[in-house]
Amino acid sequence: MIIDSNINCKNYETEILNNYQIYSYECPKCQSKHYWVRHATYGRNVVLVENYVFVEMKMEILRLKCNSCKSTHAILPSAIIPYCIYSLACIFKIITEHYLKKNSVICIAKKYKISFQLIYHFLKLFSSFINECISTLRILEIIKCASIPTLKEILKLIVGNFENNSFAKEYAKINNWPFLMKKFQNIYPIPIYIGFANL
Ligand SMILES: [Zn+2]
């Protein structure tokens, strides 16, 4: 897969799906450039958040084939977490409500009309990335002291220092991994190739 930071779920159709162009992506498998051909498309659902409502949207995702090594790669917008139906913005909204606005899980569940199990899932997902968040923030020199910050402090630093999920972009740059992607996280060698474009 190739995650393109210049693309979001809303402009995907015009910029990628219906935009017949010469693709300049670097192949995550063989590092060739400009050998791309359109291979296929597939349907994928993504949940976005608009005001206080979770909205499920169906997307058609383009898969490109590298003519140099014959591997195929889906082109994904950066708002998407691979293998996860919920967008980064959805998860951020909920964890922010909980940790920074101090709303209870029951209260958030009512406000967004989602189950409390889903909220706990998001909180657990974020906390499972905490060590990577700390090391990323240290590399970016946002955390300078030696003490280990709490989950709430880390979220505060992320929200305060990065606009519109730009933390995910910095995270990908440093860790070479999509922020909050659980699948294959601790598997070596990783059975897939992940590339990032326009970071
Ligand atoms: Zn290739």
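Analyst: Happy to! A polar contact is a pair of N or O atoms within 3.5 Å, where one must be able to donate a hydrogen and the other to accept it. Please keep in mind throughout that this is a predicted model.

User: What makes the pair of Asn103 and Glu97 a polar contact?

Analyst: The side chains of Asn103 and Glu97 are joined at 2.6 Å. The cut-off is 3.5 Å, so the pair qualifies. As for its setting, Asn103 sits in the loop between helix H2 (88-99) and helix H3 (105-112). Leaving aside residues up to four places away in sequence, Asn103 touches Glu97, His98, Ile108 and Lys111.

User: Why is the pair of Lys10 and Glu50 called a salt bridge?

Analyst: The closest N and O atoms of Lys10 and Glu50 are 3.1 Å apart. A salt bridge needs a side-chain nitrogen of Lys or Arg within 4 Å of a carboxyl oxygen of Asp or Glu, so this pair meets the rule. The count by this rule is three salt bridges.

User: Why does the Lys10 and Glu50 pair tie together parts that are apart in sequence?

Analyst: Lys10 belongs to the loop between strand S1 (2-4) and helix H1 (12-17), while Glu50 is in strand S2, so the two parts tied together are 40 residues apart in sequence. Helix H1 also holds Glu13. The C-alpha atoms of Glu13 and Met59 are 8.2 Å apart in space, with 46 residues separating the two in sequence.

User: How do you know that S2 and S3 are paired strands?

Analyst: Pairing asks for at least two bridges, and 14 join S2 (residues 36-50) to S3 (residues 53-66), so the two strands pair. They run antiparallel. One example is Asn45, whose bridge partner in S3 is Lys58.

User: And what makes S3 and S4 a pair?

Analyst: The rule is again at least two bridges, and three join S3 to S4 (residues 72-77), so this pair passes as well. These strands are also antiparallel, and Arg63 stands opposite Ala74 in S4. Their hairpin leaves five residues between the strands, and Lys70 in that turn has a positive phi of about 70°.

User: Which value makes Asn51 worth a remark?

Analyst: Its phi is positive, about 55°, although Asn51 is not a glycine. Most residues other than glycine have a negative phi. Asn51 lies in the loop between S2 and S3, a hairpin with two residues between its strands.

User: How do you know that the bond from Tyr188 to Pro189 is cis or trans?

Analyst: The omega of that peptide bond is near -5°, and the bond is cis. Most peptide bonds are trans. Pro189 falls in the loop between helix H7 (166-175) and strand S5 (195-197).

User: Now the domains. What does the assignment give, and how far apart are the centres of domain 1 and domain 2?

Analyst: The domain assignment gives domain 1 as 2-86 + 183-197 and domain 2 as 88-175. Taken over C-alpha atoms, their centres are 24 Å apart. In contact are 14 residues of domain 1 and 16 residues of domain 2.

User: What is buried between domain 1 and domain 2?

Analyst: The two domains bury about 1,300 Å² between them, and 72% of that is on carbon and sulfur atoms. Tyr52, Phe54 and Tyr86 supply 46% of the area that domain 1 buries against domain 2, more than any other three residues.

User: How many salt bridges are there between domain 1 and domain 2?

Analyst: The count is zero, while one residue pair is in polar contact between the domains. On the side of domain 1 that touches domain 2, S2 gives the most, with three residues. That side divides into 10 nonpolar residues, four polar and no charged.

Notes. Residues numbered from 1 in each chain as written. Predicted model: local features only at pLDDT ≥ 70, side-chain atom pairs only at ≥ 80, totals over all residues. Heavy atoms only, no water. Helix = DSSP H or I, 4+ residues; strand = E, 2+ residues; numbered from the N terminus. Domains from an automatic or database assignment. Contact = heavy atoms within 4.5 Å. Buried area = accessible area lost by both parts, 1.4 Å probe. Nonpolar A, V, L, I, M, F, W, Y, C, P; charged D, E, K, R; others polar.
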